[in-house]
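Hi everyone, thanks for making the time. Have a look at the model on the screen, and then I'll take you through its pockets and its rings.

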Amino acid sequence: MPDLLLELFSEEIPARMQRKAAEDLKSLVTNALVDAGLPYEGAKAFATPRRLALHVAGVPAGSAATREERKGPRVGAPEKAVEGFLRGAGLASIDEATISTDPKKGDFYVAVIEKPGRTAIDIIAEFMPGILRAFPWPKSMRWGTTSTRWVRPLHSIVASFGPETEEPDVVPFEFDGIRSGKTTRGHRFLADEAFGVRRFDDYATGLEKHKVVLDADRRKEIILHDAKDQALALGLDLVEDPGLLEEVAGLVEWPVVLTGSFDEAFLAIPDECIQLTIRVNQKCFVLKDPDTGRLANRFVLISNIVADDGGKLIVAGNEKVIRARLSDARFFWDTDLKTRLSDNLPKLDEVKFHEKLGSVGERVKRLIALSAELAPHVGADQAKAKRAAELAKADLVSQMVFEFPELQGLMGRYYAQAQGEDASVATAIEEHYKPQGPSDSVPADPVAIAVALAEKLDLLAGFWAIGEKPTGSKDPYALRRAALGVIRIVLENNLRLNLGAAMRSALDLQSADVADPAAVVPDLLAFLGDRLKVHLRDEGARHDLIDAVFALEGQDDLLRVVSRVEALGKFVSSDDGANLLAGYKRAINILKAEEKKDGAPVTGKPHADHFREQAEIDLAAAIDTARATAADAVAEENFEAAMEALSMLRAPVDRFFEDILVNADVAELRMNRLQLLAEIRDATHVVADFSKVSG
């Protein structure tokens, strides 16, 4: 079957846009093919700095003819209905329709729409200009005198279609005055000449001959392999950076790896500052000494040309820029060290945190108070927690963090260490932002835990206080991430923490006016509960078991919730649990039916003197014993024992349903037995709401 080859050749496409643009081209074209009745066998998109390319394999030579019968209105229907039918069916008059008869509905119009098959080339030529005009670039530009927009000036279009055994044809279309053809160009500097292409195989081979590696993933492999080899030759290790690797692969069509060096004196700067300076300013990788784990004074750069001098001039140019940028970084470092972190605190009063939540300085005061309150509950020294909270934001006004905001917290730790602060305080300054994502680690030091929890609880309480809650997919203040951070810190450190009380304390410290304080804490706990459900589901817990536990009131101790969910999971997977659940469901169904019939819930305790059968007496006794034992076990947080206590109900419940007719003719017997069923419900709800459990 024929293949389709497309290439859009332009000036340099920003690296950050290339991969998505290639996938957009693929989805737009393949969707258009399928919509036109041209299913394909496979497709792959490619991007380099100067081109987007697409290869679609196994495209039919043309679409099949179609015949469709479209049912219309009844004969004699209003004129408007008939006109709408004619427009939709593409008929000039009602005479072009046929009349069909339905024995029940009478006569109605039918339009027979026949569409002849079309060649794939004609179909592709028709939809391609529209795809290019509406291409979803994040940013685009106009050039010359035309109104057409593209990410950068477009120079040529390759569009060929045909089977492997024949000379492919050009798919003829025009975009912005550029007509499609079968000619492209090679590397801008190494092989800047036009050459003809026929189909994908010779296109990719031709590009390679003209110093262009088409596949971005292959360019990444070349860069990573050669960079590691050159690092090894120097006795060093490459500091891998996936984000930078993706970016530089989008900056070059023919990657050439070179190494340079900088003055060893710059190694006095923290490694992270060196790496970030070199990465941001020159898109270069850094190397480290495998023996010490510290950075070496060498770097790896990626060139887009093979230089006649072996790259010496390119390396020298990069070394010059890096020397200047590292000089700036050393100035920032040395200047910041001259000012104690505590001396930066007055400056935080001038930095606005949020219009309704005050300055960063005001927020620091809240963090100090909240960290001090949380410290005893997480095993932290209260004085150290207060000191860490006091200094946690002080590096925000440092010169290094002003230049590189992503270093906030980390630079605070370095400055705190250099100024003789306690090790736990320095660690907390860095880690109080953690975790910043699902793959990020959580603080483990008690002081860091206290400040990290205070940071997130203050954030949540503050924005809830002013009504700025996440809506739909919008979460501009990363409140979902903060909630998940609280959950992970508590669970991964096995903390017993009353989150309701902690939330109330955080809310009391807010300077903002809270419209309804009594409603905010329950709403916040519900939000945390929703995030915990997501977290537990991601960990493999059943959603129905989570709902069964959360249906109970007062679930603000996360460890208790998780332990209860785990115990419930084991219980319902056992034979006793599964059978008791079946009996519970049967009891609930009977109760619901009778309560609906009577129009009132079943309340009150059953009377012993109304029991007529031994099965009733045994079940009542078993319920009393199981409920008391389960309640004691829950109070001791022995949830497995609570489940075991409930399992005592299995046999008497089974026997009750075998021997007893609930809907007895005598009203008082019927009500007494319904009350006994309600007792089953109440007893199991000591542990979880079994109505939420599926099965």
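I'll start with the pockets and then move to the aromatic rings.

A word on the ground rules: this is a predicted model, where local features need pLDDT of at least 70, side-chain atom pairs count only at pLDDT 80 or more, and totals for chains, interfaces and linings use all residues. Residues are numbered from 1 along each chain as its sequence is written, and side-chain values use heavy atoms, with hydrogens and water left out.

So, how much space lies in the largest pocket? About 860 Å³.

At least two lining residues come from each of α7 (271-282), β17 (352-354), α10 (360-378), α15 (446-465) and α16 (479-492). Helices here are DSSP runs of H or I with at least four residues, strands are E runs of at least two, and both are numbered from the N terminus. By class, the lining has 14 nonpolar, four polar and 13 charged residues. Charged means Asp, Glu, Lys and Arg; nonpolar means Ala, Val, Leu, Ile, Met, Phe, Trp, Tyr, Cys and Pro; the others, Gly among them, are polar.

The second largest pocket holds about 280 Å³ and has 15 lining residues. Helix α18 gives the largest share, five residues.

Now the rings. The whole structure has 15 aromatic pairs, that is, Phe, Tyr or Trp rings (six-membered ring for Trp) with centres within 6.5 Å; planes under 30 degrees apart are stacked, over 60 edge-to-face, and the rest tilted. Why is the pair of Trp-464 and Phe-527 tilted? Their planes are at 50 degrees, with centres 4.7 Å apart, so the pair is tilted. Trp-464 sits in α15 and Phe-527 in α18, 63 residues apart. Both are buried, meaning under 20% relative accessible area with a 1.4 Å probe, protein chains only.

Elsewhere, Phe-135, Trp-137, Trp-150 and Phe-175 form one aromatic cluster. Thanks, and over to you!

Key. 1 Å grid on protein atoms, 1.4 Å probe; cavity = no way out; pocket = protein on both sides within 12 Å on 5 of 7 lines; lining within 4 Å. Points joined across faces, edges and corners; volume = space filled by probe spheres on them. Buried < 20%, exposed > 50% of the residue type's maximum accessible area, 1.4 Å probe, protein only.
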